[in-house]
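Please read the following report alongside the sequence and the three-dimensional view.

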Amino acid sequence: MNGVTPHETTVIDRKPIITCAGELEVFAGIEDALTAALPEDTCEFRRSLGRSIRDVHIGANFAPFSPKGLPKNTQWDLIRQPLFHIYWTECSDVDLYKVNVKEDIDDWLKELTNKDIPDWLIVVVENFDGKRANKLLPRTTVLDKIRSDFATKHGDRCISVINPGKVEVRTADSWRGLVVRIRQLVLISYAKAIAKLEDHVRQQREKRNEHGWQFMEYFKLQEELAQVLEMLGLYDEALVQYDELDALFSQFVVNGPVGENVNWLKDFQMPLQRWHSLKLGPCVLPDDPSLLELRAYLYAKQAHMLLLGNKIWEVASRCLPFLHSCTRELVILEITAPQGAVACWLFLACMEVLHACEKHNQAEQIEAYSTHTASLWAYASQKLRFLGELCGLMPGDSPSSDQLHMVVYLSAGMGDNPGRPACPSPTDKLKQALCSQNSFNKTYLELAELAMGTYKHIGRRRLARIIGKEVASFYLLLGELQKSAAFLNDALKQFEEDNWRELAAQTQIELAECYKKCNDIRKFVRACAATAAAPEMDNLIRWSYHDEMIKALNGSQIDRTLIVPFKEMIKIVSVCVQTGLVDEPVMQDNEIVIELTLFSNFPKELLCDSVKISIETEFHDKKEKKGRRSSNVLTSKDLKQQDTSLQRLNIQRHLDYQQDKTLSSASVVCGKTPLKRADSTAAPIYHSEFNDYLEIAKTKLSPGLNIMRLRKTADKVGKYYLGQVAIHVKLMELISISLTPKLFFEVCRVEPTVKLEDQSALLSGIEQTMQLIVTIGSYKVAENCTIKMAASLGLTLQYGGDENEFVTSIEVPLTHSEPFTTSSTAIRVLADTPSKEHQVTISCPWSTRAIPLVFDFSSPMSATWRLFTVQHRKFIQITLTSQCERAFTVVGDELLFNNNVNVTGFNDFSSQEVTNGLSLVFTYEMLHSGNLTNEEFDATRGIFNLRYKLSGGGDEKTRLYSYNFKLTNYQTLFQVHARVEPTKGSEFCRVGAVCHLQLQVRPAGRQLQANCGSLMYEVLAEQSMWAVCGRTAGVISFDADSDAQTVVLDVMPLNSGYLPLPLIRLSKYIPADFGNTDKSDQHPRLIRFNAGQVYNASKGQQVHVISAGVDG
């Protein structure tokens, strides 16, 4: 429609025209080579006004020079007129040049000058001969004469070239220079011509508001500029010229009805008579174009520039706005058109653009242009459906005679644009679609499927679902109810996902009608329930579908349970486990109470057979194990599902460092976010088995808020989670999704506990009271049952009073059997002395395992002993400390030994009362009846017995406390005597003066042991009192009959006053080789004496030390 086909007119050859004058036979020999060489390389195209330099390819068409063909000043047809002129000659003789060539060149230049043409070139072709190269060249050549005669200021306009027929190096260089020079001069000439044309176009545009201005004349003028730019390969600049024409025309159309001096618009307001298909190939605009023809021609030129620039996607992106602007301009200009004509033209335009995109499709641009072709497929399907409704081709309709005449008229207005048999043109497709219903149905569904598929491919599922909804209505008219329902279901899922409530409700109504027609009662009930619970719909519609749902449920066509998801029909407001405190478990056999708050969107009251909440012992989805609720309440905010598209991005800091560790740049990056492909098929709704549940039966679900309390007896121990909510109405089961996060509660069984507690420290030998505490658990135990207690050997028990005896096993009856009650019974225990650890085994009637309890008994008092020696006399000191909380009275004491040793006591504690923590000291002297052997001295055993009575409480029983100890090697072997004397000439010991420490060690008079022949003495002096001069230790030896050994040491007192003598310590000295069988140990040893074996006679003595300046 945008012009005539190429065979109806001459297609312009898009190359600059260059005229040739002079010796044309010379040019004829190089014309073909020059024509081929010009477009091979690019050349810089420089323009004025600071425009960027462009690299272009320039070709040329050569024509003989003719004065009549030269352009005029008012002629703006730049493509069809020569702008550059060349004169060719091969004259090499100066005289011959003066006779013939000079005059011819002068005439040629005069013709160009008269036409104000400055773009010319004179080329002298030289026939170079290598044999004559050695001859002398003439002083003046023909080229020099031409430059001096005609180009004194423009020497570059005259050049010479060696005939390219000679294959030599000089020939190639000369030929290359000629080609480059022609390219540059041709582009310079076109730059000047384009600049003049642009100024003229600008002037004409500024006159657009003047009277008599014609748009079509201006259109041809600016189109000429666009064609010149196109010829030079500047497709983007040529596109700008067509865009300016488009914008100027749109401005006139919008402002024309209210403006003045736009009479030329009336030429475009004629009734529409032709609606030929849009042609994107070569075309010519008619002399009297209509609005649609002009618009189509402009768009075709724009598309042609875009295709040349390899911008297929932009061709598609411009199409739909172009079509919308055309329809709007038809309305603004009030152009009348036959009914359906504009729709036919719009359809044909869409299909033509789509075919062009498929023809020029490239793999790297498929994503870009698919974004725009999807809307074209959808628009074409809409216009075809409009034509089908207009012409009576929709399913279920039959065209009338008027509609048949309309089809014929519309087909005639389209014209003929036949395509190939394998690839019919858009006109052929539309005519075929309008000729029969079957062809129309096939074409419409094909276009709709392509539109949906393309939208899905580019990720625009919402638009695909909207088209699918239109296809569903078409299938509904065809009677293919299952296909219609499938498309409606897809649209419904998308609308619900995008939260388009009103669209979802309208789609539910269409689904309900579709299911009703195909007699699918189960799906019809689901659709009725969703429609009735849609608050976006009118109440009358909701009531009617609610009644339809109840009617279907009361019928006999539903034979099994119908599961319907809650979705937006019923919302869970809150779920609360009423167990008291948070994390407080539910006891076995107690009642579990769940408070469930629901919000019903149904318009009327529902009579529910039951409302249940499933109880699950494990998760059905492992991913949900993470979602646990720490409290015992779930609210609607907790139950709201999170949108994965709104998840927080993993933004991280990223620092780049240079090689010298200095910071180069800082940025933020988004870490890897787990993205998963959304499955187009909906996952099946999880349905719990409801083997264990809480329930409320026969209740009503009113519109709005409903608070229900579901109950169940906790009969099993374990941890449970609330799963799903189910509402049963007849055979319809409304089911919720699994409650997330999980709300859990625990059912526990608390077993009875038995404890035997002591009120104070347990003491052996004393009757004490312990408490048997029995705590009943979460269930009631049998009445009149008893607890058996058995004690270990040495421990006796008493229950029931003093009249009962202490026995090793007793039975204690329970006083309470109700849950969570506690009873306490007093049990008296008595442990034999000196036992320490005892065990009580308790057997309970509710358990088969006995409970062993271990108790530690301590003595009621503690004792320590100590040995004192006075030469050969031995004294025993026993310290007794009370550990009993009750005071006791001493009745008597005695100390016994196992050999011929008697004792004499120095104690009198009869009737002495001893309280807790008080200590008594008993002292005895050991009297030996005869001479004891060394063996008897080595092992002497003593036993201390104390008889006492407990004070208070009327207890007169006398108890015995015994303490055993052992004496080993306690006979006196050595006596140590030490004294400090001043040096000769001094009467007193003075501070700082050296004194003599005389140390005398003598045997105690008994036979020495074999290993006591050598002794080591050590002087242990207090460093603040004495300073030992010399050595502080030494070894002395004794023979069997040796007497005392004396050692004199020098000491110095450091303080004045009465100073205690230094301490002397004796040890057995064992030489390294004495009885040592271990060769690895070759060191002497020291063995300490036992207590009582060494008697220090000087222990406790003091010496009087006077100051250094005091004279005695």
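The report below treats salt bridges, aromatic rings, paired strands and some backbone and surface features.

The model is predicted, so to speak of local features a pLDDT of at least 70 is needed, side-chain atom pairs count only at pLDDT 80 or more, and totals for chains, interfaces and linings use all residues. Residues are numbered from 1 along each chain as its sequence is written, and side-chain values use heavy atoms, with hydrogens and water left out.

**Salt bridges**

Side chains of opposite charge can pair when their charged atoms come close. The structure holds 44 salt bridges, each defined as a side-chain nitrogen of Lys or Arg within 4 Å of a carboxyl oxygen of Asp or Glu.

Helices (H or I, at least four residues) and strands (E, at least two) are DSSP runs, numbered from the N terminus.

For accessibility, buried means under 20% relative accessible area, exposed over 50%, and partly exposed in between (1.4 Å probe, protein chains only). Asp416 is exposed because its relative accessibility is 73%, whereas Lys431, at 22%, is partly exposed. Beyond these pairs, salt bridges that share partners join Arg47, Arg51, Arg54, Glu198, Asp236 and Glu237 into one network.

**Aromatic rings**

Rings of Phe, Tyr and Trp (its six-membered ring) pair if their centres lie within 6.5 Å; planes under 30 degrees apart count as stacked, over 60 as edge-to-face and the rest as tilted. The whole structure contains 35 aromatic pairs. One of them joins Trp213 and Tyr218 in a tilted arrangement, 5.5 Å centre to centre and with 40° between the planes. Trp213 has 7% relative accessibility and therefore counts as buried; Tyr218, at 2%, is buried as well. Both residues belong to one aromatic cluster, whose members include Phe215, Phe219 and Trp264.

**Paired strands**

Two strands pair if DSSP finds at least two bridges between them. Strand β34 (residues 919-928) runs antiparallel to strand β30 (residues 873-882), joined by 8 bridges, and Thr879 stands opposite Val921 in β34. Strand β32 (residues 901-905) also pairs with β34 in the antiparallel sense, over 5 bridges. There, Val903 has Met926 of β34 as its bridge partner.

**Loops and backbone**

Which residues are joined by a cis peptide bond? They are Thr740 and Pro741, with omega about 5°; Pro741 lies in the loop between β19 (732-735) and β20 (744-748). Asn310 has a positive phi of about 60° although it is not a glycine, and its place is the loop between α8 (291-308) and α9 (312-332). Asn499 likewise has a positive phi, near 65°, and lies in the loop between α16 and α17. With a relative accessibility of 44%, Asn499 counts as partly exposed. The loop between α16 (481-497) and α17 (501-517) also holds Trp500.
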